[in-house]
Amino acid sequence: MTRAVLSIGSNLGDRLTHLQSVVDALGSDVVGISPVYRTAPWGPVPQSDFLNAIVIATGREPQEWLEQAQRLERSAQRVRRERWGPRTLDVDVISCRPEAPAGAGAPEILSDDVDLTLPHPRAHQRAFVLVPWLALDPEAVLTVEGRARRVADLIEELDPAERDGVRRVDDTLTGPVT
């Protein structure tokens, strides 16, 4: 089993409710939820701003995380019309590591499978992934080009306008009651 970092985003409909649906569906597998951020859309398609967050969860293998992400997107009636287009829900598997304690300090799981590339190949370029992740896990590390890199350092390397475009909002996501 693995510990997964999932990036969640929405810019159609009740954005916060779509994000909360991910946390609710993962239930007791959730071990951490970042603050919610408002971000400009990525890519060339004109559209509304996104709400984004990071969820860390445990209990599945990498391919199962992808399948769960796709189920959650379908439940939110996500329609894939155009690349980087608007969406009710986007759930990306950013990174997976073996679960602790056996996985404590273990390297990320690497995959170049046609269906699931790990870590996510563009995560290190996206402030809307890195900023919420760092807020949740100040020690976060991401493998980039075969090298483990601190998320804090990756954020510093981004264009300042990209970093500044990720703005924390007052909305919050609530996790399972334990």
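User: In what sense do strand β1 and β4 pair, and over how many bridges?

Analyst: Let's begin with the terms. Strands (E, at least two residues) and helices (H or I, at least four) are DSSP runs, numbered from the N terminus. Two strands count as paired if DSSP finds at least two bridges between them. Here, β1 (residues 2-10) and β4 pair in the antiparallel sense, over 9 bridges. For one spot to look at, take S10, whose bridge partner in β4 is L51.

User: Before we go on, what kind of model is this, and how are its residues numbered?

Analyst: It's a predicted model, where local features need pLDDT of at least 70 and side-chain atom pairs count only at pLDDT 80 or more, while totals for chains, interfaces and linings use all residues. Residues are numbered from 1 along each chain as its sequence is written, and side-chain values use heavy atoms, with hydrogens and water left out.

User: What is the mean pLDDT of the chain?

Analyst: pLDDT is the predictor's confidence in each residue, from 0 to 100. Where it is low, the predicted coordinates should not be read in detail. For this chain the mean is 91, and 92% of the residues reach 70 or more.

User: Is β4 mostly covered or mostly open?

Analyst: Accessibility is the thing to check: buried means under 20% relative accessible area, exposed over 50%, and partly exposed in between (1.4 Å probe, protein chains only). Strand β4 (residues 50-60) is mostly covered, with 10 of its 11 residues buried.

User: And how do I read a helix such as α1? How many residues does it have, and how far does it reach?

Analyst: An α-helix has 3.6 residues a turn, so residues three or four places apart point the same way. The expected span is 1.5 Å times one less than the number of residues. α1 has 12 residues and reaches 18 Å from its first C-alpha to its last, close to the expected 16 Å. Its buried residues include H18, L19, V22 and L26, and the buried residues of α1 pack against β1, β2, β4, α2 and β5. Just after the helix, G27 takes a positive phi of about 50°.

User: Which residues touch the most other members of the largest nonpolar core?

Analyst: A nonpolar core is a set of buried Ala, Val, Leu, Ile, Met, Phe, Trp, Tyr and Cys residues joined through side-chain atoms within 4.5 Å. The largest one here has 25 residues, and I8, L26 and W65 touch the most other members. β1, α1 (15-26), β4, α2 (62-75) and β5 (90-98) each supply at least two residues of this core. Apart from it lies another core, of 20 residues, with V5, W133, A140 and I155 among them.

User: What does W65 touch?

Analyst: Contact means heavy atoms within 4.5 Å. Leaving out residues up to four places away in sequence, W65 touches, among others, L6, L26, A57, R60 and V93.

User: What about A140, buried or exposed?

Analyst: A140 is buried, with a relative accessible area of 3%. You'll find it in the loop between α3 (127-136) and β8 (141-144). Its C-alpha is 5.6 Å from that of V151, a residue 11 places apart in sequence.

User: How many salt bridges does a search of the whole structure find?

Analyst: A salt bridge is a side-chain nitrogen of Lys or Arg within 4 Å of a carboxyl oxygen of Asp or Glu. The search finds 6. One of them joins R60 and D29, at 2.9 Å from N to O. That pair links distant parts of the chain, with R60 in strand β4 and D29 in the loop between α1 and β2, 31 residues apart. R60 counts as buried because its relative accessibility is 16%, whereas D29, at 22%, counts as partly exposed.

User: Which residues are linked with D49 in a network of salt bridges?

Analyst: R38 and R167 are linked with D49 in that network. The side chains of D49 and R167 meet at 3.4 Å, N to O.
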